[in-house]
Amino acid sequence: MDGSSAAPTAATESPHPPRGLALLRLAHREMLDWSLIQASFFATAGLALVAAVVVPIGIVAQLGLPERLAYWSICGLLCWPPGHAVTAAILYLMRSRPPVLIALAAVAGVLFLSLPFTAVGYGVYGWLSAEGAAPMPVGRFFLNLAVLALGVSALVHYVACQRARTRFVIAAGGGADGGDGNGGPEPVHAPGEAEPVPRVAGSAHAFFDRLPRHVGRDVIYANVSGHYLHVVTTAGTCLVLMRLSDAVLALGDAGMQVHRSYWVAHRHIDGVIQRGQRTLLRLTGAHEIPVSRTHLASVRAAIAVEAP
């Protein structure tokens with residue numbers, strides 16, 4: 001049996017949604033969804049209530065219950081907006097990176113935000129405390145606050161990832177089991193679109209028919225993500241159940257493979273970047289794509305031909 005017959009296709013095998021850290025590639029969209037924004041806010045408010053009533057730790061232990069409630073409520077209202085916004089921005093900017101790097105960037109973002117949050121906590125405490133009691137050392141307070149912030153962030157990220165997984169399954173046309181709701185496979189096509197006609201190998205339709213309408217057809221680049229292709233267009237991103245080699249064949253002269261895991265469109269190449277021993281392509285939208293040594297010569301030749 002050759003490689004092409006063993007490869008899964010949309011018409012013969014139902015797609016399995018990404019799992020674990022791989023879901024972080026899709027979570028940035030969910031972070032901007034209104035319902036998740038509300039969930040993030042209420043999670044922060046709930047943690048503030050628990051911290052005030054159940055766990056009166058840290059510098060607020062010397063305050064009465066009303067003052068503790070006021071303290072955590074004010075801190076939550078001041079810290080939640082930048083916290084959620086920065087989290088969404090990190091997920092968006094890192095969406096094309098390996099999932100482990102996305103997770104590390106998210107943790108680093110929370111720890112970085114804990115620094116200004118510490119300043120906010122100290123300022124609010126000084127405003128509420130009439131006795132002027134000496135607060136706990138700033139290092140201890142930072143650690144306590146960082147733990148709380150990491151807890152809220154982990155919860156919000158988990159919810160965002162689960163929502164992304166559910167949305168992926170729905171977009172793939174299946175039920176919770178990734179099939180047709182009855183345990184059988186179902187072809188993958190965007191909601192609201194007619195089922196795609198059989199595709200001819202090597203035809204552009206074999207690729208573009210798999211893209212949902214909301215991402216358009218102006219592809220910037222595509223990269224391998226597990227058993228899927230992560231496709232980035234000028235209008236958005238999506239996952240497509242397709243091998244990179246098949247996509248390269250289908251897209252033809254519109255672009256070129258620049259790495260074993262990356263294909264880029266010629267029209268979206270803005271330049272070449274050299275960072276140490278690494279060669280990168282700068283693409284439309286400030287994307288940076290690695291170029292492998294195997295493809296370096298052909299990439300430079302293609303850019304030289306296209307240069308005015």
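The sulfur of Cys-79 lies 5.7 Å from the closest cysteine sulfur, that of Cys-75, which is too far for a bond. A disulfide here means a pair of cysteine sulfur atoms within 2.5 Å. The structure holds 0 disulfides. Cys-79 counts as buried, at 11% relative accessibility. Cys-161 also counts as buried, at 9%. Buried means under 20% relative accessible area, exposed over 50%, and partly exposed in between (1.4 Å probe, protein chains only).

This is a predicted model, in which local features need pLDDT of at least 70, side-chain atom pairs count only at pLDDT 80 or more, and totals for chains, interfaces and linings use all residues. Residues are numbered from 1 along each chain as its sequence is written, and side-chain values use heavy atoms, with hydrogens and water left out.

Now the chain as a whole. The protein chain has 9 helices and 8 strands. Helices (H or I, at least four residues) and strands (E, at least two) are DSSP runs, numbered from the N terminus. Of the 308 residues of the protein chain, 44% count as buried. Contact means heavy atoms within 4.5 Å. Among contacts in the protein chain with a separation of 6 or more, 55% join residues 24 or more positions apart.

Return to Cys-79. Helix 4 bends there by about 35°, and a proline, Pro-81, follows within four residues. The bend at a residue is the angle between axes fitted to the seven residues ending there and the seven starting there. Helix 4 covers residues 65-93, and its 29 residues should span 42 Å at 1.5 Å a residue; the end C-alpha atoms are 41 Å apart, which agrees. The expected span is 1.5 Å times one less than the number of residues. Ala-89 is also found in helix 4. Ala-89 is partly exposed, with a relative accessible area of 36%. Ala-89 and Leu-32 are 57 residues apart in sequence, yet 9.7 Å apart in space, C-alpha to C-alpha.

Helix 3 comes next. Its 20 residues, 34-53, reach 29 Å from first C-alpha to last, close to the 28 Å expected at 1.5 Å a residue. The buried residues of helix 3 are Leu-36, Ile-37, Ser-40, Thr-44, Ala-48, Ala-51 and Ala-52. They cover an arc of only 160° around the axis, so they sit on the same side of helix 3. The arc is that of the directions from the helix axis to the C-beta atoms. Trp-34 and Phe-42 are exposed on the other side of helix 3.

Ser-40 counts as buried at 4% relative accessibility. Leaving aside neighbours within four places in sequence, Ser-40 is in contact with Trp-80, His-84 and Val-156.

Helix 8 spans residues 244-251, and its Leu-244, Ala-247, Ala-250 and Leu-251 are buried. Seen down the axis of helix 8, the buried residues fall within an arc of 125°, so they line one face of the helix. Their cover includes helix 7 (205-208), strand 1 (219-225), strand 2 (228-233), strand 4 (255-259) and strand 5 (262-265). Gly-252 follows helix 8, with a positive phi near 60°.
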